[in-house]
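Please look at the sequence and the structure before reading on.

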Amino acid sequence: MKTGVGDRMEQTVSNQVSATLTMERISILLDGEMDRAEAMATIAALCADPALRRHWHELHRVGDALRSHEMAASDSEAFCARVAAVISAEPPVLAPSAVRTSSGTRRYWMPGLAVAASAAAVALVAVPLMRAPETVSIAKNATPAQLSTVDVGAQQSLPTIANARGLNPSFNPYLAAHRELIGNSVVPRAAVYLRSAEDR
Amino acid sequence: MSDRDIDQQLVERVQRGDKAAFDLLVVKYQRKIFRLLSRLIRDTAEIEDVAQEAFVKAYRALPNFRGDSAFYTWLYRIAINTAKNYLVSQGRRAPTSTQADVEDAETFDDGDHLRDLNTPDSMLVTKQVAEAVNRAIDRLPEDLRTAIVLRELEGLSYEEIAESMQCPIGTVRSRIFRAREAIALELKPILDTAKDKRW
Amino acid sequence: MQAVAVGENKQSWDRARAFATSLVVATGALIGNPATAQESRTRTDVQWIQAVRQAAQRVNYHGTVVYQAGGEMRSSRITHMFDGTDSHERIQTLDGKPREYIRRRSSASDQVQCLIPETRRIVIEHRNVDESFPGLSSASPEEILERYTLKLGDIERVAGIECQMLTLEPKDNARYGYRLWVDRASGLLLRAQTLNERREVIEQIAFTDVRIGERIDRAKLRPSWSTEGWSVERNDYRKADLSQHGWLVPAPAGFRKTREVARRIGGSDAMQAVFSDGLATVSVFIEPHSLLSASGAGSQTPSGDALQIHGPTSAFSRRVGDSLVTVVGEVPPSTVRAVASSVEFRGAR
């Protein structure tokens with residue numbers, strides 16, 4: 001249950017929110033002279049409020065004008081509006097979730113292990129095919145060294161790859177024509193070519 | 001938070017779906033890109049078209065930007081490639097001076113001159129802008145003028161300016177801001193009405 | 001004097017931020033601490049499909065894939081680059097016969113060059129966006145979700161990268177199901193399986209190593225061989241209307257027609273109707289009077305009930321009068337048989 005004092009304090013803070021998000025904050029951010037926490041909050045406010053973005057633009061215009069009168073004379077607001085209009089019609093950039101690793105950005109395999117990892121992965125993947133159609137539990141057969149370089153995803157319950165009979169080669173020209181007109185699915189495009197790499 | 005970190009933050013926001021963050025980057029780098037393109041392309045309308053295409057391509061390719069280089073360096077390369085492709089498509093060759101170094105892109109630029117806009121209206125606006133800027137600068141108290149010039153034309157940091165002017169950083173901050181406000185006020189009527197004249 | 005002012009500012013800023021955060025919670029808007037907001041952010045099914053598709057076109061990557069189907073396994077090196085407008089791709093087979101596929105895709109067209117070094121040939125496959133079927137060259141995510149149910153699985157690692165596993169379960173038996181492993185950061189698909197009705201894997205493609213989002217050296221997109229003097233082949237096609245030639249080719253349930261073309265198959269005239277449900281594609285080929293000619297492909301195809309299956313692909317041929325109807329697709333054999341059976345000749349108008 002809030003007290004009257006609490007309410008008033010929130011109101012004060014609310015005024016302060018609007019008071020502090022002023023052009024001065026934007027000016028400091030523009031110069032890259034703000035501490036991280038303030039900068040993040042100011043950026044968030046800018047992204048949320050078109051009026052604040054206009055301030056960002058006006059302040060940038062000052063620097064532009066000081067550096068070059070001709071440059072400033074051309075209409076930057078119209079240009080920025082044009083670009084914004086095109087961008088707004090674009091589908092949004094969609095990354096399911098931007099998980100940052102502790103090292104910041106790099107997240108892929110270590111170059112030194114490349115050859116070993118690929119060879120190991122290929123060797124492990126090959127095994128169940130020889131014993132198709134049963135699923136082979138690779139964990140039992142692999143050495144610890146191999147286990148450490150290959151993913152969990154690759155080593156456990158490797159898929160049974162069924163339908164091993166071949167297609168009559170007289171189907172090849174139909175398959176080529178079919179492939180040509182396959183639209184964009186979700187399964188990687190590479191699979192389409194690799195399905196019958198030998199057939200041409 | 002450094003300039004580069006700010007750009008990185010904005011890029012990450014765009015990568016998470018925030019288009020407004022991209023607007024902020026466009027405003028920030030529009031002039032630099034125009035200046036870059038003006039070394040390759042003469043006509044202002046063409047520069048605007050190529051610049052627009054470069055920004056849109058950057059937006060689309062943003063999933064590939066990982067912060068290994070500065071955002072502007074990456075944008076710069078896209079702009080150069082876009083300009084080259086444009087010139088090729090027009091049957092024109094880029095001048096050999098396109099081997100502009102990446103280092104060039106990263107140093108603080110001090111305002112090359114864009115080739116003169118050719119219409120009488122735009123020349124008039126240029127003149128008016130020059131007058132407004134000069135008027136605003138002249139009217140500034142000396143400490144504000146020094147602060148803004150050291151920041152915008154010499155590229156000094158707040159700390160460097162504070163040392164040079166022998167005053168606290170907080171003072172530098174507010175002087176720069178007040179100078180910007182004053183100049184923005186002088187420019188506003190010219191740039192805002194000039195916009196209407198163009199149509 | 002200055003220090004006090006700074007201190008005051010910081011305090012009020014902290015309070016302001018706390019207030020702003022409480023606003024966030026109340027309105028659900030995304031301001032404030034990005035890291036925690038990220039973890040709890042959920043994606044709709046439609047957004048997952050959009051993200052995977054968009055990443056396939058826009059994310060740069062370079063790595064090794066292993067493709068398996070029908071008792072075979074192939075490793076290939078794959079490079080993909082997006083320049084802001086077009087995407088460029090190169091696939092090099094690392095075992096079996098050497099092959100390279102060089103692809104260039106823009107918003108209006110999609111062209112693949114298949115390089116065959118032992119015969120010094122380049123076969124070009126080309127697909128334009130067909131204006132008469134707008135939006136059907138890729139079905140909308142909503143359409144896909146009418147035929148498949150999307151389910152989220154666990155987080156599993158593929159090629160050293162944490163992926164969200166997704167399944168697309170078919171709502172009927174006319175199509176196969178899929179399991180997808182999607183890089184959580186970029187949306188790139190790193191492993192995909194096609195599953196039959198017994199949930200057996202009939203096709204898999206998976207990265208064993210990959211670098212995502214790096215600048216791609218253009219040299220990686222150029223072919224391994226100089227193709228000077230090689231012969232260039234294209235199998236051209238043009239738009240056609242099968243019904244005008246008297247053919248009725250109904251779309252299988254849950255599929256939509258995306259193309260109708262006339263072309264040549266193995267030396268004889270043919271028509272092709274293409275159907276898609278957004279993930280799988282079925283082609284119906286009609287070669288009129290082919291069984292009368294000695295040189296047509298139809299003369300070599302086993303007559304009668306010829307239903308074959310290899311990996312994810314089913315194929316079936318059937319006579320209709322003296323014409324040959326052939327259906328192929330990455331669908332269960334029952335579907336290609338049903339489609340072939342539904343083809344009728346009504347007579348030319």
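What follows is a set of questions and answers on helices, strands and contacts.

This is a predicted model, in which local features need pLDDT of at least 70 and side-chain atom pairs count only at pLDDT 80 or more, while totals for chains, interfaces and linings use all residues. Residues are numbered from 1 along each chain as its sequence is written, and chains are lettered from A and ligands numbered from 1 in the order in which they are written.

Reader: How many helices does chain B have, and what percentage of its residues is buried?
Author: Helices (H or I, at least four residues) and strands (E, at least two) are DSSP runs, numbered from the N terminus. On that basis chain B has zero strands and nine helices, and its pattern along the sequence reads α-α-α-α-α-α-α-α-α. A residue is buried if 20 or more other C-beta atoms lie within 10 Å of its own, exposed if 12 or fewer, and partly exposed in between, with C-beta atoms placed from the backbone. For chain B, with nine helices, the buried share of the 199 residues is 42%.

Reader: Which helix of chain B gives the most to the side that touches chain C?
Author: Two residues are in contact if their C-beta atoms, placed from the backbone, lie within 7 Å, and the contact takes 13 residues from chain C and ten residues from chain B. With four residues, the helix that gives the most to the chain B side is α3 (residues 44-61).

Reader: How many of the 18 residues of α3(B) are buried?
Author: The helix reaches 26 Å from its first C-alpha to its last, close to the 26 Å expected at 1.5 Å a residue, where the expected span is 1.5 Å times one less than the number of residues. α3(B) is largely enclosed by the rest of the structure, because the number of its 18 residues that are buried is 14.

Reader: At roughly what angle do the axes of α1 (residues 3-15) and α2 (residues 19-38) of chain B cross?
Author: Axes are lines fitted to C-alpha atoms, for helices over the stretch in contact, and angles run from 0 to 180 degrees between N-to-C directions. Residues of α1(B), including B:Asp7 and B:Leu10, meet residues of α2(B), including B:Lys19 and B:Phe22. The axes of α1(B) and α2(B) come within 7 Å and cross at roughly 145°.

Reader: Which residues of chain A does B:Glu152 contact, leaving aside its neighbours within four places in sequence?
Author: B:Glu152 is found in helix α7 (residues 142-152) of chain B, and it counts as buried because it has 22 C-beta neighbours inside 10 Å. Its C-alpha lies 9.3 Å from that of B:Ile176, which is 24 residues apart from it in sequence. With sequence neighbours within four places left aside, B:Glu152 is in contact with A:Gly63, A:Leu66 and A:Arg67.

Reader: Which are the edge strands of the open sheet of twelve strands in chain C?
Author: Two strands pair if DSSP finds at least two bridges between them. The open sheet of chain C has mixed pairing and the order β7-β8-β9-β10-β11-β1-β2-β3-β4-β5-β6-β12. Each edge strand pairs on one side only, and these strands are β7 (148-158) and β12 (231-234).

Reader: What is the bridge partner of C:Arg103 in β5(C)?
Author: Strand β4 (residues 100-105) and strand β5 (residues 109-116) of chain C pair in the antiparallel sense over six bridges. Within β5(C), the bridge partner of C:Arg103 is C:Val112.

Reader: Is C:Ala159 buried or exposed?
Author: C:Ala159 lies in the loop between β7 and β8 (161-170) of chain C, and its phi is near 50°, a positive value in a residue other than glycine. Because C:Ala159 has 28 C-beta neighbours inside 10 Å, it counts as buried.

Reader: Which residue takes a positive phi in the hairpin of β19(C) and β20(C)?
Author: Strand β19 (residues 313-320) of chain C is largely enclosed by the rest of the structure, because six of its eight residues are buried. β19(C) pairs with strand β20 (residues 323-329) of chain C in the antiparallel sense over seven bridges, and C:Arg318 stands opposite C:Val325 in β20(C). The hairpin has two residues between the strands, and the residue with a positive phi near 65° is C:Gly321.
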